[in-house]
Amino acid sequence: MPKKNLNNTATRESILEVVNLAVLLLGAGLILLPLGIVFLTSFAPEGATITLMPQNGWSLANYQDAWQRGKFLLAFANSTLVALAVTAFQLFSSALAGYALARLKFLGRQVVLLIVLATLVIPFQLLVIPIFLVLKWGHLINTYGALILPTAVNGFGIFLLRQYFLTIPIELEEAAALDGANRWQILWRVMLPLSRPALVTLFLFTFIGEWNDLFKPLVFTTRPELRTVQLALAEFQEQFTNNWPLLMAAVAIATIPIVILFLFGQRQFIQGIATTGIKN
């Protein structure tokens, strides 16, 4: 009987694993289906019927045409500059604030943490008017500063790194302090190297969010030389509304860099999300 029960348990576990795998594959298929349609459509000639495989073979003509007509080279440069600058600012500010909230003892620490958390529930769109007035007062409208400074500090990044710092044993800091390290050295030589998964996670969240942002370029800039990828894509859509293969090629051009970036950082991203908030 015990052996039979063990066999039944193993059979049920195998069935559950198969069901879970089937559900995961189905979910992945539903998520990837729109992306697959985009890529298949982008290789079709204008006016052609979309099939599983392009009738005339794979052709990059739509990509070349979309790249030239949409003037994506300048848009890519602007989006990359803005995304990297915002990401660098957020990593720096989040590391400092997150470490202070995780380790330093000072009056009002919990109040500051609550204020940081409160910023997460306020949509950026509600703050656009005061931000616009501040940028106008500082003569930053139609500059890179208008695209970078409004999101240079983010409550999510501060909270994420604070939670990850709490998972690092304090004994490591005490050992570094005994060796003569100050707070600054402890942060940069002990805490941040051990927090690479959280830093990669914040990098991906911030970079992808800035790359996909249309709101700031649309509101704070009007100069064509400051166009970002998403603004260029929106303008491209207005010009070629009925040319779906060309539109899908432009969408693929704007999407491919983000997909490649995520594929390179997915392992650290998953580890950072899985371990954040688990305190030893």
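At 5% relative accessibility, Glu173 counts as buried, a term applied to residues under 20% relative accessible area, whereas exposed means over 50% and partly exposed covers the values in between (1.4 Å probe, protein chains only). The structure is a predicted model, in which local features need pLDDT of at least 70 and side-chain atom pairs count only at pLDDT 80 or more, while totals for chains, interfaces and linings use all residues. Residues are numbered from 1 along each chain as its sequence is written, and side-chain values use heavy atoms, with hydrogens and water left out.

Glu173 takes part in a salt bridge with Arg183, at 3.8 Å from N to O, where a salt bridge is defined as a side-chain nitrogen of Lys or Arg within 4 Å of a carboxyl oxygen of Asp or Glu. Because Arg183 lies in helix H9 (residues 183-194) and Glu173 in helix H8 (residues 170-178), the pair ties together parts that are ten residues apart in sequence. Arg183 is partly exposed, with a relative accessible area of 45%, and a network of salt bridges links Arg103, Glu173 and Arg183.

By this rule, six salt bridges are counted. One of them joins Arg69 to Asp65, with the closest N and O atoms 2.8 Å apart; these two residues stand four residues apart in helix H2, and are therefore separated by about one helical turn. In another salt bridge, the side chains of Arg227 and Glu235 meet at 2.6 Å, N to O; here Arg227 is buried, with a relative accessible area of 13%, while Glu235 counts as partly exposed at 29% relative accessibility.

With regard to the overall fold, the protein chain contains 13 helices and zero strands, helices being DSSP runs (H or I) of at least four residues and strands runs (E) of at least two, numbered from the N terminus. Of its 280 residues, 37% count as buried. Among contacts between residues at least 6 apart in sequence, 76% join residues at least 24 apart, a contact meaning heavy atoms within 4.5 Å. The accessible surface of the chain comes to about 17,000 Å², of which 69% belongs to carbon and sulfur atoms, as given by the Shrake-Rupley method with a 1.4 Å probe, with only the protein chains shown counting as cover for residues.

The largest nonpolar core holds 24 residues, of which Ala66, Phe72 and Phe236 touch the most other members; such a core is a set of buried Ala, Val, Leu, Ile, Met, Phe, Trp, Tyr and Cys residues joined through side-chain atoms within 4.5 Å. At least two residues of this core are supplied by each of helices H2 (61-70), H3 (72-103), H10 (196-211), H12 (229-239) and H13 (244-275), and the largest share, nine residues, comes from H13. Apart from this core lies another, of 18 residues, which includes Ala102, Ala176, Leu187 and Leu192.

On the surface, Leu120, Val121, Ile122, Leu126, Leu127, Phe156 and Phe205 form a nonpolar patch with about 640 Å² of accessible area together. Patches of this kind are made of residues with over 30% relative accessible area and no salt bridge, nonpolar side chains (Val, Leu, Ile, Met, Phe, Trp, Tyr) being joined within 5 Å and like charges within 9 Å. Phe205 is found in helix H10 and is partly exposed, with a relative accessible area of 39%.
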